[in-house]
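Reader: Before we discuss the labels used for this fold, could you show me the sequence and the structure?

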Amino acid sequence: MSCKCNSIVKQAENLKNAKGRIDIIELANSLGLKVYTTTEISVPSFIAYDKENKCYEIFVNSKEKVTRQRFSVAHEIAHFIEHKDKIMEFGIVGRQNDYSLSAKEEAQADTLAANILMPENCLDEYLKNENIGLDTKIDLNIVQKIAKTFEVSLISVIMRLRGLGYYVK
């Protein structure tokens, strides 16, 4: 992971609330990003650069589940960190237009989003408190508990755990 990515994950860790979740809106705001929820879009989210006001804005579909909304904000933050130049060039980056990024760039944003929402240190601390080690076979019950704690989807948890070398059934 690049220095920029490590820095943003560290910043996210510092925004963990009492329930163990990363305050993703506070993270976005701390980066100077405005976040809006709306029913007016047909995609989960996108990020735009407002040339007139010289600011970046994230738009999130409020009809999506909260876990999806949280991941979407983290995903757009990842684009801001990794692909800021393209956002500025295109004006808007999202899967709904001709200025979509490559599959590789979208995968990078997904990976960083999962890292932001479930920083390795926070996840390790949680797993240690639950007596779960790298040799533990993690079942659906454990995945559900982690998803609830971090307020993320089951698939996000599974992918993140596997990325960290845990065995998930």
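Author: What follows takes the labels one by one and sets each against its definition.

Author: This is a predicted model, in which local features need pLDDT of at least 70 and side-chain atom pairs count only at pLDDT 80 or more, while totals for chains, interfaces and linings use all residues. Residues are numbered from 1 along each chain as its sequence is written, and side-chain values use heavy atoms, with hydrogens and water left out.

Reader: What is the mean pLDDT of the protein chain?

Author: On pLDDT, the predictor's confidence in each residue from 0 to 100, the protein chain has a mean of 91, and 95% of its residues reach 70 or more. Among the elements, β1 has the highest mean (97) and β4 the lowest (84).

Reader: What makes β1 and β4 the edges of the sheet?

Author: Helices (H or I, at least four residues) and strands (E, at least two) are DSSP runs, numbered from the N terminus, and two strands pair if DSSP finds at least two bridges between them. The open sheet has 4 strands in the order β1-β3-β2-β4, with mixed pairing. β1 (33-38) and β4 (92-93) each have a single partner strand, so one side of each is left without a neighbour in the sheet.

Reader: How do you know that β2 and β4 pair?

Author: Strand β2 (residues 45-50) is joined to β4 by 2 bridges in the antiparallel sense, and the pairing rule asks for at least two. Ala 48 has Ile 92 in β4 as its bridge partner.

Reader: Why is α3 called oblique to α4?

Author: Axes are lines fitted to C-alpha atoms, for helices over the stretch in contact (heavy atoms within 4.5 Å), and angles run from 0 to 180 degrees between N-to-C directions. Angles under 35 degrees count as roughly parallel, over 145 as roughly antiparallel, 65 to 115 as roughly perpendicular and the rest as oblique. α3 and helix α4 (residues 103-117) pack at about 125°, with their axes 8 Å apart, and that angle makes α3 oblique to α4. By class, their contact has 11 nonpolar, 4 polar and 6 charged residues, where Ala, Val, Leu, Ile, Met, Phe, Trp, Tyr, Cys and Pro count as nonpolar, Asp, Glu, Lys and Arg as charged, and the others, Gly among them, as polar.

Reader: What makes α6 roughly perpendicular to α7?

Author: α6 packs against helix α7 (residues 154-163) at an angle of about 105°, their axes lying 9 Å apart, and this angle makes α6 roughly perpendicular to α7. Leu 140, Val 143, Gln 144, Ile 146 and Ala 147 of α6 meet Leu 154, Val 157, Ile 158 and Leu 161 of α7, and the residues of this contact divide into 8 nonpolar, 1 polar and no charged.

Reader: Why is α5 described as oblique to α6?

Author: The axes of helix α5 (residues 120-129) and helix α6 (residues 140-150) come within 12 Å and cross at roughly 130°, which makes α5 oblique to α6. The contact residues include Tyr 126 of α5 and Phe 150 of α6.
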